Amino acid sequence: AVRYVQAFAAGLEDGPLVISQDGRATGPALAAAIRDGLFAAGRDVIDASVAATPTTGILVREHSAAGGIQISASHNPAEYNGLKLFGADGRVVPASVGQQVLDRYRSESCLFSESTRTPSDSSCEDTTTAHWEKIAAQVDVDRIRAARISVLLDANHGSGALLGVRLLEELHCDVTLLGGVPDGQFDHQPEPTAENLSGVLDTLIGSQAAIGFCQDPDADRLAVIDEWGHYIGEEYTLALCTDHLLRKSKGPVVTNCSTSRMTQDVAERFGVAFSRSAVGEA
């Protein structure tokens, strides 16, 4: 992990790197090792502790960082962990950059900096405000607040509860929270499939919530449950969002190759260009 992040940092412009994690039990140990490895490479570090993967991208931009590293195994089981790399634009690095990182990592060349400066280590005390403000600018906050919607949020002991609860409370929702402590002690298998969420479906019916939102550990995937306890899932989430956006403004749509045909059908209904990209994050 240390050599990998040093290989990543070696290709970046000057500036600090944001480090975050999705709440898994192995996250703090990896974060400590990675922080030390970046120090050895002469890089400043901003520690965001536990944060959702989309929030990490926001923090990279807000702090004018050279890049970011999210420690996460995404929807994989608790025994796994991994690294997601962000560029200065706050986006996961493209395949070409990822290949360069792998090439430097595999070359096992000395990646330590020749700089004599002492790197700085700072903590990001507020990881949610910037992200909340960007979401608030995209939705009808007053209309949602007036509705006083009852929501069940299943963060499943990942990072999603941190921004998720603030978001819903800012929108004056009545929140029932499951797995709100981001300690990686998942209440069910972390991929938000219908099978894994069977217990959550029953809980939602009992809570009389109007809607359920179920996140994976680093909160870059979302499955929806309706008020009757029916699993709507992730594919319909994408199609619903695409439909909503195209009603407001028409433009090209891009999905990856693992996304269902529904999004393509929506794009064709609105008469916009549709393309597919390769699967996965480099």
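Q: Which residues are exposed on the other side of H8?
A: Asp-202 and Gly-206 are exposed there. Exposed means over 50% relative accessible area, buried means under 20%, and partly exposed is in between (1.4 Å probe, protein chains only). Helices (H or I, at least four residues) and strands (E, at least two) are DSSP runs, numbered from the N terminus.

Q: What kind of model is it, and how are the residues numbered?
A: This is a predicted model, where local features need pLDDT of at least 70, side-chain atom pairs count only at pLDDT 80 or more, and totals for chains, interfaces and linings use all residues. Residues are numbered from 1 along each chain as its sequence is written, and side-chain values use heavy atoms, with hydrogens and water left out.

Q: Back to H8. Which residues are buried in it?
A: Val-200, Leu-201 and Leu-204 are buried in H8. They cover an arc of only 105° around the axis, so they are on the same side of H8. The arc is that of the directions from the helix axis to the C-beta atoms.

Q: What covers the buried residues of H8?
A: The cover includes strands E6, E7 (174-178), E8, E9 (222-226) and E10 (231-232). Contact here means heavy atoms within 4.5 Å.

Q: And what follows H8?
A: Gln-208 follows, with a positive phi near 60°, although Gln-208 is not a glycine. Gln-208 lies in the loop between helix H8 (198-207) and strand E8 (211-215).

Q: Why point that out?
A: Because most residues other than glycine have a negative phi.

Q: Is Gln-208 buried or exposed?
A: Gln-208 has a relative accessible area of 70%, so it counts as exposed.

Q: What about His-157, what is its phi?
A: The phi of His-157 is positive too, near 60°, and His-157 is not a glycine. His-157 is in the loop between strand E6 (150-154) and helix H7 (160-170).

Q: Buried or exposed, that one?
A: His-157 counts as buried because its relative accessibility is 13%.

Q: Next, H10. Which residues are buried there?
A: In H10 (residues 261-270), the buried residues are Thr-263, Gln-264, Val-266, Ala-267 and Phe-270. They cover an arc of only 160° around the axis, which puts them on the same side of H10. Their cover includes helix H9 (233-248), strand E11 (253-256) and strand E12 (274-277).

Q: What comes just after H10?
A: Gly-271, which takes a positive phi of about 70°.

Q: And H5, what do its buried residues pack against?
A: They pack against helix H3 (53-62), helix H6 (141-147) and H7. The buried residues in H5 (residues 129-136) include Ala-130, His-131 and Trp-132.

Q: Now the whole chain. How many helices and strands?
A: The protein chain has 10 helices and 12 strands. Its C-alpha trace spans about 60 × 40 × 35 Å along the principal axes.

Q: How much of the chain is buried?
A: Buried residues make up 45% of the 282 residues. Among contacts between residues at least 6 apart in sequence, 66% join residues at least 24 apart.
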